[in-house]
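Reader: I am new to this structure. Please walk me through how to read its features.

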Amino acid sequence: MNRSLLPGLLAASVLLSACSLKATPDPNVQIQIAVNATIAALPSPAPAPTNPPVLTPTPFSLDGLFCEYEFCIGHPPEMNFYDVVAKQNPSSPASSTYENGILAAHNNSLFIQVIWQHAPGAADPIFLMDLILEDGLDTPTGAYGLRLIHNMNVLSSPITTTASPILPFGGVAGWVCGDRVFAWKVYAPQAESFESMLAEALARFTCGQ
């Protein structure tokens with residue numbers, strides 16, 4: 001991936017934010033920023049904290065669970081999601097919201113991305129799945145499969161990708177929950193990682209509906 005595109009994408013994101021009456025980031029620009037910035041950082045993992053915080057007991061484990069913006073989604077315990085909007089605009093109060101947002105997480109062998117949009121009345125997540133897939137880089141390997149998970153119709157497909165030479169496989173999924181549509185994507189070194197990663201993401205998925 002051409003890293004020289006990143007400054008231009010950042011400039012476009014700032015310009016769009018300044019011109020909008022409501023500080024809502026352009027999902028296309030933010031997704032491009034997330035992929036470029038994260039892939040550029042591979043394969044170096046984030047440094048482990050030297051003084052891990054003391055956890056207080058809770059009725060359920062928060063290990064491997066992200067909960068914010070009125071939804072929860074699972075992730076590998078050794079990785080943590082970060083808010084792409086806030087990370088790319090550290091000097092401004094901009095961040096993801098209930099209505100729309102972008103999360104990403106990565107380590108040496110995985111890249112995971114989640115996006116969502118407020119879409120009352122939507123019954124089909126394909127439009128958001130198309131948005132999370134990188135044009136010219138990500139290719140679904142077959143027709144979308146449909147399954148019922150937590151009373152949600154989840155569409156999914158394995159993908160191949162040229163976004164990173166060390167993560168050539170992965171998958172994409174999408175679903176509707178309440179008045180929002182969610183899309184999820186993973187890049188991985190092995191094709192067989194996709195199903196287990198999706199199962200991990202949705203095993204404890206909940207949303208305010």
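Author: Arg-147 forms a salt bridge with Glu-195, with the closest N and O atoms 3.1 Å apart. A salt bridge here is a side-chain nitrogen of Lys or Arg within 4 Å of a carboxyl oxygen of Asp or Glu. This is a predicted model, where local features need pLDDT of at least 70, side-chain atom pairs count only at pLDDT 80 or more, and totals for chains, interfaces and linings use all residues. Residues are numbered from 1 along each chain as its sequence is written, and side-chain values use heavy atoms, with hydrogens and water left out.

Reader: Which parts does the pair of Arg-147 and Glu-195 tie together?

Author: Helices (H or I, at least four residues) and strands (E, at least two) are DSSP runs, numbered from the N terminus. Arg-147 lies in strand 7 (residues 145-149) and Glu-195 in helix 5 (residues 193-202), so the pair ties together parts 48 residues apart in sequence.

Reader: How many salt bridges are there by this rule?

Author: The count is two. Lys-185 also forms a salt bridge with Asp-138, the closest N and O atoms being 2.9 Å apart. Lys-185 sits in strand 10 (residues 180-188) and Asp-138 in strand 6 (residues 138-140), distant parts of the chain 47 residues apart.

Reader: Are Lys-185 and Asp-138 buried or exposed?

Author: Buried means under 20% relative accessible area, exposed over 50%, and partly exposed in between (1.4 Å probe, protein chains only). Lys-185 and Asp-138 are buried. Arg-147 is partly exposed, at 29%. Glu-195 is partly exposed, at 39%.

Reader: Which residues touch the most other members of the largest nonpolar core?

Author: A nonpolar core is a set of buried Ala, Val, Leu, Ile, Met, Phe, Trp, Tyr and Cys residues joined through side-chain atoms within 4.5 Å. The largest has 29 residues, and Phe-71, Ile-73, Trp-175, Trp-184 and Phe-205 touch the most other members. Helix 5 gives the largest share of this core, five residues.

Reader: What does Phe-71 touch?

Author: Contact means heavy atoms within 4.5 Å. Leaving out residues up to four places away in sequence, Phe-71 touches residues including Phe-66, Leu-103, Trp-116 and Cys-207. Cys-207 is also the bridge partner of Phe-71 in strand 11.

Reader: In what order do the three strands form the open sheet?

Author: Two strands pair if DSSP finds at least two bridges between them. The order is 1-2-11, with antiparallel pairing. Strand 1 (65-68) and strand 11 (206-207) stand at the edges with a single partner strand each, so one side of each has no neighbour in the sheet. Two bridges join strand 2 (residues 71-74) to strand 11.
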